[in-house]
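Trainee: I would like to learn how to read a few computed features of a model. Please take them one at a time.

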Amino acid sequence: PLLGTATGGNWHDFGHSTTNEASLDMRKIHQFHSQKVAALLAQLDVPEPGFAGTYLDHCILYYGNEQGGHADHSYDNRPVLIAGSGGGVLQTNKFIDYSLGPNGQEDYNRLLVTFAQAMGLAQADYYTADMQARGISPGFGDDRGANANRANPLPGVMVGG
């Protein structure tokens with residue numbers, strides 16, 4: 001069985017199957033992971049000695065899934081959870097649905113750029129000369145999305161952004 005679940009079989013196969021049984025098994029796996037993330041968040045949500053706030057207030061915890069759809073690694077409809085504010089850099093207590101934006105869906109790469117910039121990196125820090133020489137656009141990931149934007153953070157996530 002897969003760790004923490006009562007499922008047998010292959011996790012990767014479950015992730016690419018469209019059968020009802022595999023869907024139920026994947027749900028069990030996601031529930032197991034979600035419970036672990038919730039436990040970690042509870043452990044981080046305690047006062048940090050010598051600082052105002054909690055450990056969680058001073059970190060950025062990302063929890064997500066590489067699959068937008070159940071049976072593929074699509075770049076659409078990828079639910080993510082961001083916990084913590086990175087020391088006040090990220091806005092909190094928000095639900096944002098980027099699939100409904102003025103440009104349609106927002107590109108996943110912008111989330112990674114948001115994290116890099118929230119940690120104090122400028123584009124020059126993560127867009128290297130080697131990347132430029134190979135003709136890679138600024139940012140992270142790939143350019144699969146029709147609205148691929150590898151340079152700018154997501155709107156509404158960073159304080160003041």
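Trainee: What does the accessible surface of the protein come to?

Mentor: Accessible areas come from the Shrake-Rupley method with a 1.4 Å probe; for residues, only the protein chains shown count as cover. Here the total is about 9,900 Å², and carbon and sulfur atoms hold 55% of that surface. This is a predicted model: local features need pLDDT of at least 70, side-chain atom pairs count only at pLDDT 80 or more, and totals for chains, interfaces and linings use all residues. Residues are numbered from 1 along each chain as its sequence is written, and side-chain values use heavy atoms, with hydrogens and water left out.

Trainee: How many of the residues count as buried?

Mentor: Buried means under 20% relative accessible area, exposed over 50%, and partly exposed in between (1.4 Å probe, protein chains only). Of the 161 residues, 31% are buried.

Trainee: Which residues form the largest nonpolar core?

Mentor: In soluble globular proteins, nonpolar side chains tend to be buried together. A nonpolar core is a set of buried Ala, Val, Leu, Ile, Met, Phe, Trp, Tyr and Cys residues joined through side-chain atoms within 4.5 Å. The largest one here has eight residues: L90, Y98, L111, F115, A118, L154, V157 and M158. A second, separate core has six residues, among them V37, C59, L61 and A83.

Trainee: Where is N93, and is N93 buried or exposed?

Mentor: N93 sits in the loop between β2 (80-83) and α3 (109-118); helices (H or I, at least four residues) and strands (E, at least two) are DSSP runs, numbered from the N terminus. Its relative accessibility is 81%, so N93 counts as exposed. N93 is not a glycine, yet has a positive phi of about 60°.
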